[in-house]
Amino acid sequence: MTGSGSAPLVRLTGVGKNYGNVIALREVDLQVSAGEVTCVLGDNGAGKSTLIKIVAGLHRHDTGTYEVEGRRVSLASPREALDLGIATVYQDLAVVPLMPVWRNFFLGSEKRRGLGRLDVPYMRRTTRSELLGMGIDLRDVDQPIGTLSGGERQCVAIARAVHFGAKVLVLDEPTAALGVKQAGVVLRYIVQARERGLGVILITHNPHHAYPVGDRFLILNRGRVIGHHTKDEITREELTALMAGGAELEQLAHELEHTASGAAAARELAKGAEDLRPPPAP
Amino acid sequence: MSQAVLKSAAAADERLARRSPLRRLAGRPEFGALLGAAVLFAFFSVVADAFLRASSFSTVLYAASTFGIMAVSVALLMIGGEFDLSAGVMVTTGALVAALVSYQLTLNVWVGVVISLVVTLGLGLLNGLLYVRTGLPSFIVTLGTFLMLAGANLGVTKLVTGNVASDSIRDMDGFDAARAVFAADLDVGGVRVNVTVLWWLLFVAVATWILLRTRTGNWIFACGGAPGSARAVGVPVARVKVGLFMGVAFTAWFSGMHLLFAYSSVQSGEGVGNEFYYIICAVIGGCLLTGGYGSAIGAAIGAFIFGMTSKGIVYAEWNPDWFKFFLGAMLLLATVVNLVVRRRAEPSR
Amino acid sequence: MKPMKGAGPRPAVAMTATIMATALVLGGCSGSGGKKAEEEAASGAAPGAGPRLKVAMVTHSGPGDTFWDIVQKGARAAATKDNVELLYSADPDGGKQAQLVQTAIDQKVDGIIVTLAKPDAMRDVLAKATAAKIPVVSINSGAAESARLGALVHFGQDETVAGEAAGEQLKKIGATKAVCVVHEQGNVGLEDRCAGAKKTFGGPMENLFVQGTNMPQVKSSITAKLQTDSGIDGILTLGAPFAATAVDSVKETGSDAKVGTFDMNKELIASLRDGSIQFAVDQQPYLQGYLAVDELWLLKNNGNVVGGGRPVLTGPAIVTKDDAGTIAPFADRGTR
């Protein structure tokens, strides 16, 4: 609605973060607008989780600027981020497994009527209809959420963020622990959120999950950006190659050639690197 | 829109009807304990002649209530994912503070009662803050305060009175009124019922309401079940936990007042070891040791089982040497039942 | 140390609390009982002469035990009188108690007072004390092993003999069926008392186990027992605080059971006087501490050994309504 036309919902410019003398992140630019999915890709230790923690308000950035709808911010807590409409769904921290679905749905934003009483019927009803609206048909919203499948649990967490007025969804590896079919459920859901006009930041190390849903791709390696592309600039294969670190594989092959026993392995690797290398630009 | 919602809800209910009511009941945390209580009750009714008398039942209830009042708050704390090993001696501390303050300064006993409340709540706050600030397991933190309190109970009492028990405050101003509140014997249809039984039921009702019908209750479950997830959605985990420790302190104060006004003087070495019985009550009642699951009613049933067993053995005139064996067996059984419940709730990954 | 500070509440809260507390203190004085009433009576003692001795006393007492508190008071009184420096330490664990004795030997004390609850654990360390020419006096339990382990004298009460006295007394007050309330399961001394009482009581007597650290449980267990068997007309408790609770239970159930107990405290005197408790079997713990220190002083200053190698019994002394008045001031002081 407001501001979505002019400034992006979230824009990071030249953001860096140090933990003591370890540089976790440097000079990272990232942006996401309404109705857009920005994918952050990278291997373990690439700096994805540091980046997400900055966006989510768990950590403060040390350098660069963080703007929300054109306004510079420095977030001190996840609560502040939530208040600005930035909701984060973590891979492991999405839900409380032993609690019923509806309690999970409203956790932290419980609906109350006088005297601090919970409005249980309302919350049950809303949970059911919200999930139904997202295509999840639950038999019983009173069942512990732990009895749902991994994909459904992620979806509930996402639906919750959407329901409570999130403008930007930050999804931390939502498909990492899921099977192919379950991952599909979550990805479809991400597309739905985008169509509702939300901005989505999707963190993943799987280019096959990122490519179909993403509008922009940010590839991180060792705390630096090694690629920032819109969808029309890059193919799925190029993205995969960038992710797998084609250049690094090539170098490893050279090193291995110097040892006799490693030569055979090096040839294999070189071949692999060749396959991965992005084709020359047309 | 709302029509559609209602319709779909109705449709869901149809599907739900296929789950038998018994199965639904079996899903509740206190189910195992309820089953155990029923079996034990039937069992003792058969083997002990005196067990079924109204007066005997009142004795069982009294025994259950003195454990049950503490078990309620300990259960909440366990649902919130923490332990309090200082709960047992804190009862004694509460009683001693009131007794020493009133007697030594020759004050109305109600002054001692209020000061004791302040001190005990302060101790609960201390437990909570130590836990939150240090990040150490509550098991360790409260083990520390447990030992310190046990030592302070003895040390301060000895220092102040010169003996190891507090002086009797039976003849002091306000004693009778305080006794009426904390330790009165009521006549209910010709049967003496100790007022602690009523307090116990009240505490259980309040705790159940908090757990199931307030935001705080939701937060307690979340803090114990998955503190990281709770924090991520904005639940003030630290504050909830500190509050729970203070809840235990509050019931410890109450139990301490009962102890003092029922027996008018307090042995400084009392209370050690009771903390485990409170935890046992909560566990028998369906609380998970790992937190996030349980109920106040379950803890009450646990306390009832405890009271029934400990007195039932007396009514049945059995060799008391076996008391602890019986208790241990029951604890194991309860834990196994809970394990099964948990496995049902969390499908294997 | 009171672990209360450091958890400072917010200033406003603290201030409100202070104001409230002050108001309460000012407005809430008690007109009866309390410390003021107690302070109306006081007395003193005079110290003795002789060379300064250092005596170590090592017992198997757990913390917070009234009984050992009185033993210690007796020892301190004698120490003051005899110009003895008394080092008191205790550990219920046999091995640790032996270590404490060892530290006393290392300190080159002039005498050692020990309890022999676990004689085997003490054997080696007492041999070392004898080798170091440190005189040893044993007190409380261990009368049979005392001489064998090298102790000069033993001051104590034979639990079985005390139990027998209690049983006789119970019979004398007209009880025909009794329970013996054991407040610590598996304690040999307590079991001996019950066994002794059973021997002389004549009628049926059963043991009832209660959890001594939890008074409401003690009460409900005794109540349950009385409800089960209305024929019970005698209750023997093995510690003074439990006697008062037994009286509560008797009142509650409307039973006519008579209560007798082991050991003393100052509340007990009032109960003896008003007849709610019939008798107390006192093993006079004060004597055990006092005589042990005195004996070591006598040995050093005059070469005396009491008892001719036989254990010296400090009890049982039966206290009833008749002597309650005489003993009251001493119990008030916490020495009986």
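## Basis of the model

Residues are numbered from 1 along each chain as its sequence is written, while chains are lettered from A and ligands numbered from 1 in the order in which they are written. Because the model is predicted, local features need a pLDDT of at least 70 and side-chain atom pairs count only at pLDDT 80 or more, whereas totals for chains, interfaces and linings use all residues.

## Confidence

For the complex, the predictor gives an ipTM of 0.79 and a pTM of 0.79. The pLDDT is the predictor's confidence in each residue, from 0 to 100. Chain A has a mean pLDDT of 80, with 83% of its residues at 70 or more. Helices (H or I, at least four residues) and strands (E, at least two) are DSSP runs, numbered from the N terminus. Among the elements of chain A, the lowest mean pLDDT, 58, belongs to helix α10 (residues 262–276), and the highest, 91, to helix α3 (residues 101–106).

In chain C the average pLDDT is 84, and 86% of the residues score at least 70. Confidence in this chain is lowest in α1(C), with a mean of 57, and highest in strand β8 (residues 234–237) of chain C, at 95. Residues 1–9 of chain C have a pLDDT below 50, and this stretch has 16 contacts in the model beyond near neighbours in sequence. Two residues are in contact if their C-beta atoms, placed from the backbone, lie within 7 Å. Residues 41–48 of chain C also stay under 50 in pLDDT, with nine contacts beyond four places in sequence. In chain A, the pLDDT is under 50 over residues 278–282, for which there are three such contacts.

## Chain A in outline

Chain A contains ten helices and twelve strands. Of its 282 residues, 45% count as buried. A residue is buried if 20 or more other C-beta atoms lie within 10 Å of its own, exposed if 12 or fewer, and partly exposed in between, with C-beta atoms placed from the backbone. Among contacts in chain A between residues at least 6 apart in sequence, 67% join residues at least 24 apart.

## Contacts between chains

Chain B places 26 residues in contact with 29 residues of chain A. On the chain B side, α1 (2–16), α10 (215–225) and α11 (227–232) each supply at least two residues, and α1(B) gives the most, with six residues. This side divides into 14 nonpolar, eight polar and four charged residues. In this classification, Ala, Val, Leu, Ile, Met, Phe, Trp, Tyr, Cys and Pro count as nonpolar, Asp, Glu, Lys and Arg as charged, and the others, Gly among them, as polar.

The contact of chain C with chain B takes 44 residues from chain C and 57 residues from chain B. The elements of chain C that each supply at least two residues include α1 (11–27), α3 (66–82) and β7 (205–209). The largest share of the chain C side, ten residues, comes from α8(C). By class, the chain C side has 17 nonpolar, 19 polar and eight charged residues.

## Domains of chain C

The domain assignment of chain C gives domain 1 (53–157 + 284–304) and domain 2 (159–282); such bounds come from an automatic or database domain assignment. The C-alpha centres of these two domains lie 31 Å apart. Their contact takes five residues from domain 1 of chain C and six residues from domain 2 of chain C. The domain 1 side of this contact has one nonpolar, four polar and no charged residues.

## Strand β3 of chain C

Strand β3 (residues 111–115) of chain C is largely enclosed by the rest of the structure, because five of its five residues are buried. C:G111, C:I113 and C:T115 point one way from the strand, and C:I112 and C:V114 the other way. In a regular strand the side chains alternate between the two faces of the sheet.

Strands pair if DSSP finds at least two bridges between them. Strand β1 (residues 53–59) of chain C runs parallel to β3(C) and is joined to it by four bridges, with C:V58 opposite C:V114. Strand β4 (residues 136–139) of chain C also pairs with β3(C) in the parallel sense over four bridges, and here C:T115 stands opposite C:I139. From β3(C) the chain crosses through helix α5 (residues 119–131) of chain C to β4(C) in a right-handed β-α-β crossover. Right-handed means that, with the strands pointing away from the viewer, the path from the first strand over the helix to the second runs clockwise.

## Residue C:L226

C:L226 lies in helix α8 of chain C and is buried, with 26 other C-beta atoms within 10 Å. Leaving aside neighbours within four places in sequence, the contacts of C:L226 include C:I232, C:V250 and C:A257.
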